[in-house]
Amino acid sequence: MLTNKRKHPEEKPSLHPRNKHRLRYNFKELIGVNPDLKSFVKLNDFGDESIDFFNPKAVKALNKGLLRLHYNIDYWDIPNGYLCPPIPGRADYIHNIADLICGSVEGEIPENVKCLDIGVGANCVYPIIGISEYGWTFIGADIDEKAVTSAMKIVDRNTFLINNISIKHQTNSRDFFKNIINVGEKIDVSICNPPFHESLADAQKGSRRKLKNLKGEKSAIPRLNFGGQSNELWCEGGEERFMKNMIYQSRNYSKQCLWFSTLVSKESNVRKMKKVLQKVDAFTVKVIPMGQGNKKSRILAWSFLTDKEQNTWRQKWKIGYKNSGLNS
């Protein structure tokens, strides 16, 4: 199914103002940097060029073009069957986090920010965008050895990434921060895109629902949107248990990280996580809405530092600020 609901260039979907993907994809430019994309581009029902976003190969070709055109990535690839994420949504998370740490959409965003990506994945997309857009440094952690190897390969083959990111293998699947954040190390912000589903069946059900919404009919084939391995898409207890465990563990690093954050797919989980954050005595809790077309999501962010401690933390950002105006 070819979909591209942003029919006119002047339309403004609810993506972040600095997001480079707010308008329709320029397939001529994208094909120019990645000719392999051409075979996947067709006219949709609106007469616009688009691709089948339920075809992982098409999404992969699109991502290669987007990363090369907008983020100067010469090499990007992922193993077959691994998550091939939608770039606009990933960019939105990074831009919203940039606003969170500087405290204002119109403020200035520091370059000397260290970010921990929990579950960096084989695709390494969050660090790519954060480094390219803001010059940040990253720690990318993952429990999947194959994903770690893939992410390291992406870093090694794009020279501007090498000095800005460290990829680490988390050997204990139950841990989020242990053996990743060193003793005494300070992290400005942690980000996470948790597995949303409780099981493979649950993930397949979600894909069928998406197809039905797009096509107006039931799909007999339970295809997984954008691919993905088990640890990328589902876990025991789903995102609710995943986030709850992360919040409890974050207490142990309350003075080593300014902001902890995670994407929240299910709106009902926000209320539940706020109660958990009250139990662990989080000082500040924020919910940042995000959206692209009909898809709505949100970022849950929390800090254990008082206002005074947060202001003191920010003093180290006085050097190396980057203007937060719209990027070209």
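**View 1. The length and ends of helix H5, residues 145-156, in a predicted model.** Helices are DSSP runs of H or I with at least four residues, and strands are DSSP runs of E with at least two, both numbered from the N terminus. The expected span of a helix is 1.5 Å times one less than its number of residues, so the 12 residues of H5 should span 16 Å, and the 16 Å between its end C-alpha atoms agrees with that value. At the N-terminal end, H5 is capped by Asp-144, which has a side-chain oxygen 2.8 Å from the backbone nitrogen of Lys-146. Residues are numbered from 1 along each chain as its sequence is written. Because this is a predicted model, local features need pLDDT of at least 70 and side-chain atom pairs count only at pLDDT 80 or more, while totals for chains, interfaces and linings use all residues, and side-chain values use heavy atoms, with hydrogens and water left out.

**View 2. The buried and exposed residues of H5.** Buried means under 20% relative accessible area, exposed over 50%, and partly exposed in between, with a 1.4 Å probe and protein chains only. In H5, the buried residues are Ala-147, Val-148, Ser-150, Ala-151, Ile-154 and Val-155. They lie on the same side of H5 because they cover an arc of only 165° around the axis, the arc being that of the directions from the helix axis to the C-beta atoms. The exposed residues Glu-145, Thr-149 and Asp-156 are carried on the face of H5 turned away from its buried side. The partners against which the buried residues of H5 pack are helix H4 (125-134), strand S5 (137-142), helix H6 (159-162) and strand S6 (165-169).

**View 3. Trp-76 in the largest nonpolar core.** A nonpolar core is a set of buried Ala, Val, Leu, Ile, Met, Phe, Trp, Tyr and Cys residues joined through side-chain atoms within 4.5 Å. The largest such core has 64 residues, and Trp-76 is one of those with the most contacts inside it. Helix H3 (residues 87-102) supplies the largest share of this core, nine residues. Leaving aside residues up to four places away in sequence, Trp-76 touches several residues (contact means heavy atoms within 4.5 Å), including Leu-67, Cys-84, Ile-128 and Ile-154.

Notes
Polar contact = N/O pair within 3.5 Å; in protein donor to acceptor, adjacent residues only side chain to side chain.
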